[in-house]
Amino acid sequence: MNEEIAKTIVSKTIKEVNENPYAVKENGCAACHVLFTLSKEMKLNEQEASDLLSEVLLSNPDLDFSFIEMVEYVHLKKRMMGTVFALRTREAKDKYILSNFKNTLAELHSDLVGYGPDIVLRKLLLTMISLEIAKNIGIDHHASIEELYYFMRKNEVESDINIAEFINQLYQRVSSKDKNM
């Protein structure tokens with residue numbers, strides 16, 4: 001029942017955004033707009049709404065495709081970013097993404113072999129942090145990386161301590177999980 005209601009809300013919101021892309025606030029995220037609308041209308045917290053949105057999109061390939069097209073329309077076409085990618089066919093986009101997916105995994109594997117897990121984990125953490133900054137501020141990823149590196153250089157000791165603490169906690173959890181298996 002909830003999934004059907006969610007499907008209706010998601011479909012309606014996608015249609016509204018496609019008809020009026022300015023429904024997504026300036027530099028706002030189209031995907032988040034759908035998520036927050038779902039959360040608000042169904043009176044769910046963000047995590048519950050996110051899980052439900054994932055379920056709805058996973059079980060409705062046409063709606064999932066409409067969702068992706070809406071995100072591309074707002075983020076790429078209306079904002080004139082990534083227009084070359086946006087103009088490709090879905091098949092070409094998927095091949096491009098698969099290629100980048102495989103290349104990134106190969107690069108991480110090479111770093112893992114050459115430099116060890118700490119460097120790979122640090123790289124993954126910094127990428128995620130910079131992506132969060134880009135998403136939350138509404139800037140592109142390259143700019144957010146530069147902002148993050150500027151901040152980390154300025155706060156080198158504290159940044160290194162925070163990252164090292166996280167890595168140690170992660171290793172402890174993984175280690176304790178392995179012992180319990």
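1. A residue is called buried when its relative accessible area is under 20%, exposed when over 50%, and partly exposed in between. Glu 72, with a relative accessible area of 9%, is therefore buried. Please bear in mind throughout that the model is predicted.

2. The partner of Glu 72 deserves attention. Arg 90 forms a salt bridge with Glu 72, and their closest N and O atoms are 3.2 Å apart. Because Arg 90 belongs to helix 6 (residues 90-115) and Glu 72 to helix 4 (residues 61-78), the pair ties together parts that are 18 residues apart in sequence. Arg 90 itself counts as partly exposed, at 23% relative accessibility.

3. For the model, the count of salt bridges comes to 10.

4. A further salt bridge joins the side chains of Glu 91 and Lys 95, at 3.3 Å from N to O. How far apart are Glu 91 and Lys 95 in helix 6? They are four residues apart, so about one helical turn separates them. Glu 91 is exposed, with a relative accessible area of 54%, and Lys 95 is exposed as well, with 55%.

5. Glu 107 and Lys 123 also meet through their side chains in a salt bridge, at 2.6 Å from N to O. Glu 107 lies in helix 6 and Lys 123 in helix 7 (residues 117-137), so this pair ties together parts that are 16 residues apart in sequence. Both ends count as partly exposed: Glu 107 at 45% relative accessibility and Lys 123 at 30%.

6. Turning to nonpolar packing, which residues touch the most other members of the largest nonpolar core? Within this core of 20 residues, they are Val 10, Ile 14, Val 34, Leu 38, Leu 53, Phe 67 and Met 70. At least two residues of the core come from each of helix 1 (2-19), helix 2 (30-42), helix 3 (46-59) and helix 4.

7. Met 70 illustrates the contacts made here. Leaving aside residues up to four places away in sequence, Met 70 touches Ile 14, Val 17, Asn 18, Ala 30 and Val 34. Another core, of seven residues, lies apart from the largest one; its members include Leu 125, Leu 126, Leu 148 and Ile 167.

Conventions. Residues numbered from 1 in each chain as written. Predicted model: local features only at pLDDT ≥ 70, side-chain atom pairs only at ≥ 80, totals over all residues. Heavy atoms only, no water. Salt bridge = Lys/Arg side-chain N within 4 Å of Asp/Glu carboxyl O. Buried < 20%, exposed > 50% of the residue type's maximum accessible area, 1.4 Å probe, protein only. Core = buried A, V, L, I, M, F, W, Y, C linked by side-chain atoms within 4.5 Å. Contact = heavy atoms within 4.5 Å.
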